[in-house]
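Visitor: Can you walk me through this one? I'm new to it.
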Amino acid sequence: LKVHQEMTSDNQRLDENPMKRLRVAVIGGGPECLAIMDMVSGEIFQQGGISLVGIADANLASEAVRRARTMNIFTTRDYRELLRIRDLDLIIEVTGDPEITQDVERLKPTRVKLVDHPFARLFWELARDFGEKKAETWIKEAVERLELDLERSQEGYQDISIKKKLEESRKIYSERLEGEIQKRTEELWASEREIRRQKKTAEGILSGSPIPMMVIDRNHKIIYWNRACEKLTGYRSDEMIGTDRQWEPFYVERGPVLADLVIENDTEAIERNYRNMNIRKSSLVEGAYEAEHFFPHLGAGGIHLYTNVAPIKDDLGMIQGAIVTYQDFSERVKLTQESKRREAFVQNLVQNSIDGIIATERTGKIIIFNRGAAGILGYSPEEAIGRMRYQGILSEEMARTIREAFYGTKYGPPGKIINMEAELLSKAKEPIPVRLSGTLLFEEGDEVGSVVFIQDLREIHRLQAEKEQALRMAAIGRAVAGLAHYIKNILTGLKGGAYVIRSAVAKGDLPLVQKGWDMVERNIDQVGNIVTDMLIYSKDREPRYELVNPNELVMDVLTLMEDRAKLAGVTLVHELQADLSKVAMDRTAIHRCLLNLVSNAIDACTLEGIINGKGIVTVKTDRADGWGIRFQVVDNGTGMDDDIQRKLFTDFFSTKGYKGTGLGLPVTQKIVQEHGGKVDVRSQPGEGSTFSLFLR
Amino acid sequence: MPKKILIVDDDPDVILFLSTLLEDHGYQTITASNGRDGLRRTRSDCPDLILLDLMMPQKSGISLLSDLKRAAELKHIPVIMVTGVSGETGIGLESFFQKDRPGDDRPRPEGFIEKPVKPEKLLNLVKKTLGE
């Protein structure tokens, strides 16, 4: 038989060549069809005279259809069209759809033979298994017999011997075929049973899985919808399976879901539609995608879903469906958001704190350095965080002291520091006085770092100094009224003295002249004193140090006060420790202090001295613990109650009527403090007072 | 018989000045340097007038005035208060004593004079107070 190349095309009129060949059409463009096409285009079948004259497939874009077109074979979407091919001998059905088989069986003319799916498969496998040569013989025999059949059917069966022969050979053929069919069918059933069993097992696993899962086939129909998926979406599997409503639980409008696009392998649409849903290719399964998205219509108030879509491929790599699994991570998202919010709050707190906050890891690396810390130390947070260690802002000695404070109990319980005064090093390497509190940080019992809070004491020190100055100025302001009174007194004294002198001169009373003159001099001295006191008190001044013998200084003062003491009936006594070494001090200033104290002591004893002659003022010197010198001025005068003692140094307070400016003790204390010393008072009303003055 | 004037002041300078001034003008003076002493001298020496300093340690002028004016045998002795407190410094002592209320029986001095004491003014006041 001669091979005839048919000339066909999609819409041509069907072949009219009358030559006898086996004209075959195939329903289904799947892999089986491709295999048949391979065989048909092979040499054997061309010699054997098989022509493929038509292919029907619902999908005109399938590979088999495309190839058929290049071979000028008739293709159609509707398998019924195949029946219109003139002189068609054989239809091979490979879709496996029993409905199609039945439909073709019903519609086809009797001369057209139908090979259904199981048979076609058998046929195909036989060809494969028995090898080309055998297949060749088989096919040839089959074709010859079929041809004879055909001829006979046209001419009538006249020759009995031919008929006999034909029947014999057919018998042999059919016996062999039957044997094979039986064997193959059993194998097929066994394997189908196995597949069914596996399918059931798989379904059982999927159905019982707590992971929501659905499967759609390549026609976009839902074929699987498990219980977890029912629970997630609120849609029952019996209302979903067999439909293409997979979009419904998730979206308001109909549209392809990710699984639909995966089945079509439409990567462009996937990228386009799912760009905002954190789409990414699965790193585990080829062709699979993962997406994360919030679905506001799911559950109460929406659900954050993690979706994984994997294509289901057959052994030839063709996509047959897609399996979709969902994971609800709303809880995780909520926790993450909450912890983010909390972290932001803490960050805000840390950043905006006026205190400096610095945290370090166990290694000493700085991991928190807020704006407060930046303001105190001069490093920007960017410079410090992750790049510096605490060693950069602490001297070695200070680092050790702080470490000891953390582990010891001097500043709070171990692991904590409460209000410790420390010095940090600024960027300009200047020591910055700070008040430091902090705590060691532990994680599961292991020390992982520390955090400290620092307050800049420079500012506090400056404010304190300013406040003291302001208090002094206010006190001076209040004192002005008192001073006016005092100055009036001095004026009275001066005028009185002038009157007394004039009167004495008029009377020629020389002793009275002397008295009046003394009065004038005393008042002039007082003007000098008060001016000096005010200057000392209102200004910060550095002592002018020189080495002074303390005992000599005391004797100077006592000599000066001798007359006044005598006038008041008070006895001056000294108890000076011998061999005291010289002490560095501002001689004039300390002299003034001692004069003030002795003068006060005499005043305190005045009444006692006048009435009983028993007023005694004792001045002592010695070396007290840790001090260069201690002066003590002891009197047995009136003494002071607590209230008066409290006011002694703070204000221009005087108990002496218009005789006191109230400046004496404040001035004394200021001078002594400028020396780095201190003044101490002990007193009992009615028993006298002791003023002690300590210098280094 | 010269009138006898008691000067009570803790400042010896004031005592010297006032006694010189008054003696120059024909008065006899006795002195005390505090309130307690002043009360004692009043009882023992029976002065015709008392010049009393307001501000003193121990017993203030006010306290002494109060004692004097409450003692039946002493309250007839006129008192002139000598004070540095004046309208200039914010507190007028005169107005303090003049501020009458119903039932107000606070003791009042017979006169005031401010420091620094002007001799003419004092002498006029003393004369007036003694009814001379």
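Guide: Here is a short tour, topic by topic.
Guide: This is a predicted model, where local features need pLDDT of at least 70, side-chain atom pairs count only at pLDDT 80 or more, and totals for chains, interfaces and linings use all residues. Residues are numbered from 1 along each chain as its sequence is written, chains are lettered from A and ligands numbered from 1 in the order in which they are written, and side-chain values use heavy atoms, with hydrogens and water left out.

Visitor: Where does A:Glu290 sit?
Guide: In strand β9 of chain A, residues 289-295. Strands here are DSSP runs of E, at least two residues; helices are runs of H or I, at least four; both are numbered from the N terminus.

Visitor: Is A:Glu290 buried or exposed?
Guide: Buried, because its relative accessibility is 10%. The cut-offs are under 20% relative accessible area for buried, over 50% for exposed, and partly exposed in between (1.4 Å probe, protein chains only).

Visitor: What does the side chain of A:Glu290 make a polar contact with?
Guide: The side chain of A:Tyr306, at 3.2 Å. A polar contact is a pair of N or O atoms within 3.5 Å; within protein, one must be able to donate a hydrogen and the other to accept it, and residues adjacent in sequence count only if both atoms are side-chain atoms.

Visitor: New topic. Which residues of helix α10 are buried?
Guide: In α10 of chain A (residues 267-274), they are A:Ala269, A:Ile270 and A:Tyr274. They cover an arc of only 105° around the axis, so they lie on the same side of α10(A). That arc is taken from the directions from the helix axis to the C-beta atoms.

Visitor: What do they pack against?
Guide: Against α9 (258-264) and β9 of chain A. Contact means heavy atoms within 4.5 Å.
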